[in-house]
Amino acid sequence: MRGVQRSKKTILRTIWCLCQIVCLTLPSLGLSYDLPLDSQATYMTIAGSSSAQVVRSSCASTSGEEIIVGPEEVVMPTHKKPYSWPDGNMGIIKSGSSYEFFAAADGYPKRTTGTLDNPQAQGWLISDRAAEKPIPLCSRGPIYQDPLTGTLLMMYHAERWIVPGNWLPFYSELGIARSVDGGGTWTDLGPIITPHAPFASDYFQVRRLTFDVGGGGYVIIGDYMYVYFNDLLKDGEDYTGLNLAVARARVSDVVDATINEGRAALWTKYFDGAWIEPGIGGHSTALAPGNQDVHWGDVSYNSYLNKYISIAAGAPWPATDLYWTESKDGLHWTDYSRIVSDLEHKYYVTVVGLGDNPRETGEKFYAYYIRSRLFAQGGNRNEDAMLVRRLIELKDGAKSCP
């Protein structure tokens, strides 16, 4: 039996080596590809192939579904979009048959109206800079639309430069902005979530290091809005990065504070099993399995699975891969799986549902993200980044498992 097991392992290693050789040869031929995935994978996927591929086996998955990832589609080539747009997660709202896409470019909020196939079909608008903070960079992000008043609330990522005039290194935080005219103008209501390690700490001021809090993807769970982020914990002279943390506030409190009082509501971070830490400077508990790499991803309630799902960028760096994880309660995340892997840089994921609310997903939905070959090779991603997407399809594969 041991000899048989060794033979199987030898065969698997041989297949893996052959796959590596093929994958390393393809770039010289001008082709792109996806590497074999983790131990849950059943197929190699080829980026740009004409058919969707299963990237996680239902029988190997503890949750019992198949994740089918479609071929990469270019939505906006480099030369047809503003420089550096989208510089962060996109905020997307649906109005009739049209969609409005909000994101930053060079620190400015830029909006385009169109379709999921062609976001810029109806042109661009540079929003009023009322939401600009007295710090160098603000990146627009996910949007919540109040169903009663139509008011738009946007989570934004803001950065403070450690060295004035230099993009790097930086400190970052999450804030909230309000629009009462459909996104034409925005009013900044201030920060809602900041790292545990303050801007004045030696991590930033002495060591001159960067910390990226992420884009502020959110889901509604019961009466609460949960916002996900990266945190940086300070313990004396030691610092620990948390790759997935969460804070929450009652939806009614968020809406009342922003609309009626013109301020940000108070948020609390989840720490040590309870919502006891302030959103501004409080401690957090790591939610990602094993504190795995997850950066600049997005979250969504998935009605097909009756779970919350997340797709985010992760290791290796800078040729990042895309990862899937899911949760029944928004706190305990499982089934961390690599779903897209190639030698390109993939970042700023936005998950888009196909129903009336783009932030809720079903059996089929899209994952939009930027892709850059230059950044993966040490260059500037804004010089060649494209906005691309993949169709994600879920199947209940448990019935086909032996």
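A residue is termed buried when its relative accessible area is under 20%, exposed when over 50%, and partly exposed in between (1.4 Å probe, protein chains only). The structure is a predicted model, in which local features need pLDDT of at least 70 and side-chain atom pairs count only at pLDDT 80 or more, whereas totals for chains, interfaces and linings use all residues. Residues are numbered from 1 along each chain as its sequence is written, and side-chain values use heavy atoms, with hydrogens and water left out.

Of the 402 residues of the protein, 55% are buried, and the secondary structure comprises 4 helices and 25 strands (DSSP runs numbered from the N terminus, helices being H or I of at least four residues and strands E of at least two).

H157 is located in strand β10 and counts as buried because its relative accessibility is 1%. Its side chain makes a polar contact (a pair of N or O atoms within 3.5 Å, one able to donate a hydrogen and the other to accept it, with sequence neighbours counted only if both atoms are side-chain atoms) with the side chain of E159 at 2.7 Å, and the H157 side chain also reaches the backbone oxygen of G214 at 2.8 Å.
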